[in-house]
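We will go stop by stop, picking a few residues at a time.

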Amino acid sequence: MDAIFVFEQLLNGLGYGLMLFLIAAGLTLVFGIMDTMNLAHGSLYMAGAYVAARVHEASASFALAVLAAVLVTVAVAALLEVLVIRRLYRRDHLVQVLATFGIILIADDAVKAIWGVAPLMASTPAALAGPVQLAEGLPYPSYRLLLIAAGLLVALGLYLLVNKTRIGMLVRAGASNRQMAEFMGVRVGTVFAFVFALGAGLAALAGALMAPISSVQIGMGEAILIPALVVIVIGGIGSIRGAFVAALLVGLVDTAGRAFLPLALRAVLPPSVAADLGPALAGIAMYVLMAAVLTLKPAGLFPARA
Amino acid sequence: MNRPASDSSRVAATTGAAAVAEHPHQPFAVRFPGFARRLPWLVLAILALFPLLAPTFGLEYYVGFVRRLLIVAIAASSLNFILGYGGMAALGHAGFIGVGAYTVVALVEAGFSSAWLAWGGALVVAGLSAALIGAVSLRTRGVYFIMITLAFAQMLYYLAVSLRTYGGDDGYGLYTPLEMGVWLDGVHPDVFYWVVLVIAALVFACFSRVAHSRYGHALRGIRDNETRMVALGYPVYRLKLAGFIAAGAVAGLAGGLLASHNAFVSPAMMHWTQSALLLVMVMLGGLGRRWGAPLGVALWLVLEETLKMHTDYWHWPLGVLLLLAVFHAPQGLAALSERREGGR
C-alpha cells in the first residue's frame, strides 16, 4: 500500500461521494420540505442511467445523452408528482413508503418492457477513455476526473441557488418551517413541485454520469437508494449542506473501507479470517458511521429545523 | 383466538335484529355473529385438510405454496404486532428472518440434524439479536427509527454475504431435510405442512391474545401517546423492547422454517426490499388488526403467484394495487369488513 494507491482511492471516494450528493440533495429537500419519504427516488436515478446509455449509443454524443437523460427524467418526475406524490404530502410516512414502493415496482417493469432484462453496457465517451497523468507515476482515469469536476460544479451551483436566489430562500423557508412559510404567503406546493423536479434532474444527472462506471440494470435504483438515505440521515434531513458533508463522508468511508480494510485486516489476522471479515466490515462501514452519528447527534450533523 | 368476534356478537345480541334492519351495511361480524365466530376455525379446518384434498383437485403444487404463505404470515404477524400495535416502524424485519435462517445453516453445518433444535435455535438467536438491535434503535424516533433498523438489517445482509463458510453470496443448500422426530418423519409426505400450520396457528393465537392483554393495551397506549404513557409511569422503553424482542424472535422462527421450506438460504432473503415487502403486506392487510397480516400476505402472494403464471411483467400490477390501496383503502383490507366498529 503506497501513497499513490491511497491517493487514487481517495479520489474514487470523492467521486462516489459527489454522485451520492447529487442523489441525496433532491431526496433531502423533498423530505425536509414536504416531509415526504420517496423511495422511488432511486428509480429516477435508474431512468437517467438508462436514457443516457441508450442515447449515447444511438447518437455517439455524451453531452446530448446527459441532456436527454435529465430532460426525460424531469418530465417523468413532473408527471409522477402531479399524479401521485402531490397526494401524499399530508399522509403518514408509512403510507408514503407503501405508495412509493408501488412506484418502484411499476418503474422496474416499465424499464424491463422498454429496454429488456439484460444489463446495458454504457461506454465512456471516447474523448475521455484514456487516463490522465496527474503526477509522476499517478495515472487516473480522465472520466472519473470529469465526474469529480461535474459533481463539484453542480454542488456549487446548488449552493448558489439555495443560498443566493429568491427561490432558494423559499426552499430554505419551506425546509426549516413549512407551516410558517405557508402563513407568510409562500406557495409551498409550487416550491415543492419545483424541488421535486430539481431533485429528479440531479438524480438523473448522477445516473447518466455513473452509467459508464457501474452496471446499468434493473434494481440499480434500489441499490443506490439506501446509501442516499444514509447520507440524508447523517447530514440531517432537509439540509443541503449536511447532505454534501455526509455524502463526501460516506463516499470516502465506503471506498476506503473496501480498499484498505481487507489489507489492514490481513496484516493482523490469519488470511482466511481476513478474507471473510474484510468485505463484511467494508460493507457495513457506512451503517456503523450512521449509527455513531445518530448516537451523538440524533438529528444528524446539520439539522435543518434548528 | 376468537375473543373479539365474541365481543361483537355480544353487541349484536343486545342491539338485536332491529339494529340489523336499520343498518343494512353493518359489519359482517355484527350481522352474522355466529358465522364470524366460527370463521377462523373453519379456515383452520380447510387449511388442515388441504393436503389431503389437494390431489383430488390436482392442486398438489399448491400445498408447498400454502406452506410458504403460512411461514410468511408468521413473520408478517410479528411485524404487525410491533408496527400495528406498538407503532414501531421497523424496516429491517427481514434481517431477523435471515438471522433465523442462518442459525439453521450454522447448526446443520455443525452437524446437528434435529429440526426442533434448529428452529428453536433460530428463535433464540434472532431474539438475542433483536435485543441488541432494539436496545440501540428504540432510543430513536420516527424516520430515524425506520432508518436505523434498516441500517442494522443491511449490516446483517453484508455479514451474510461475506460468510463464505455458508456460501456467501451464492447461498447455502440444505440437501438433507431436518429430522422432526420418529413420531412425525415419514408418517405422511406433507407432515412438514401440518407442523408449519400448527406453529402458525399458535403464533397467531399468541399475538392475538397478547394484543388484547394488559401488555397489549399498554403497547397501544405507547403507540398513540408515548409522552402520556411515560407520565403514567409505564416503563415505556422496556415495554417496547420486550415487544421488539418477541417480534424479532418470531421472525427468526419464520426464517428457520423458511430455510427448511426452501432447502436453501441466501443473503437475498434479508435484502432491504424483503423488509419493505413485509411492511407492504402488513399494511395492505390492515395495520394493527387481528387478521391484517395473514390477509395481506395471502392477497399479495396469491396475486404474485397468479400474475407470474400469466406474464413476465408481474411487478407493475402489484405496484398499481399499492397505489390504489393507498388512495382507496388506507386502513387495509381487514378494515373493509369492520368499517363501522369504530377504529382498530
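## A walk through both chains

Start by colouring chain B by secondary structure: it comes to 15 helices and two strands, where helices (H or I, at least four residues) and strands (E, at least two) are DSSP runs, numbered from the N terminus. You are looking at a predicted model, in which local features need pLDDT of at least 70, side-chain atom pairs count only at pLDDT 80 or more, and totals for chains, interfaces and linings use all residues. Residues are numbered from 1 along each chain as its sequence is written, while chains are lettered from A and ligands numbered from 1 in the order in which they are written.

Stay with chain B a moment. Of its 344 residues, 44% count as buried; a residue is buried if 20 or more other C-beta atoms lie within 10 Å of its own, exposed if 12 or fewer, and partly exposed in between, with C-beta atoms placed from the backbone. Among the contacts in chain B with a separation of 6 or more, 77% come from residues 24 or more positions apart. Two residues are in contact if their C-beta atoms, placed from the backbone, lie within 7 Å.

**Where the chains meet.** Now show both chains. The contact takes 34 residues from chain B and 35 residues from chain A. On the chain B side, select helix 7 (142–162), helix 12 (272–285) and helix 14 (315–328), the elements that give two or more residues. Helix 7 of chain B gives the most, with eleven residues. By class, this side of chain B has 27 nonpolar, six polar and one charged residues (Ala, Val, Leu, Ile, Met, Phe, Trp, Tyr, Cys and Pro count as nonpolar, Asp, Glu, Lys and Arg as charged, and the others, Gly among them, as polar).

**A helix pair in chain A.** Next, select residues 41–59 and 188–210 of chain A, which are helix 2 and helix 8. They pack at an angle of about 50°, with their axes 7 Å apart; axes are lines fitted to C-alpha atoms, for helices over the stretch in contact, and angles run from 0 to 180 degrees between N-to-C directions. That makes helix 2 of chain A oblique to helix 8 of chain A (angles under 35 degrees count as roughly parallel, over 145 as roughly antiparallel, 65 to 115 as roughly perpendicular and the rest as oblique). The residues of helix 2 that meet helix 8 include Leu44(A), Gly48(A) and Ala52(A). Their contact has 13 nonpolar, three polar and no charged residues.

Zoom in on Ala49(A), which sits in helix 2 of chain A. Is it buried or exposed? Ala49(A) counts as buried because it has 31 C-beta neighbours inside 10 Å. Leaving out residues up to four places away in sequence, Ala49(A) touches Gly207(A), Ala208(A), Met210(A), Ala211(A), Val216(A) and Met220(A).

**A loop stop.** Move along to Ala60(A), in the loop between helix 2 and helix 3 (62–83) of chain A. Its phi is near 65°, a positive value in a residue other than glycine. Ala60(A) counts as exposed, with 12 C-beta neighbours inside 10 Å.

Finally, select residues 131–135 and 138–141 of chain A: strand 1 and strand 2 run antiparallel, joined by four bridges. Strands pair if DSSP finds at least two bridges between them. Pro131(A) has Pro141(A) as its bridge partner. Two residues lie between the strands, and Gly137(A) takes a positive phi near 75° in this hairpin.
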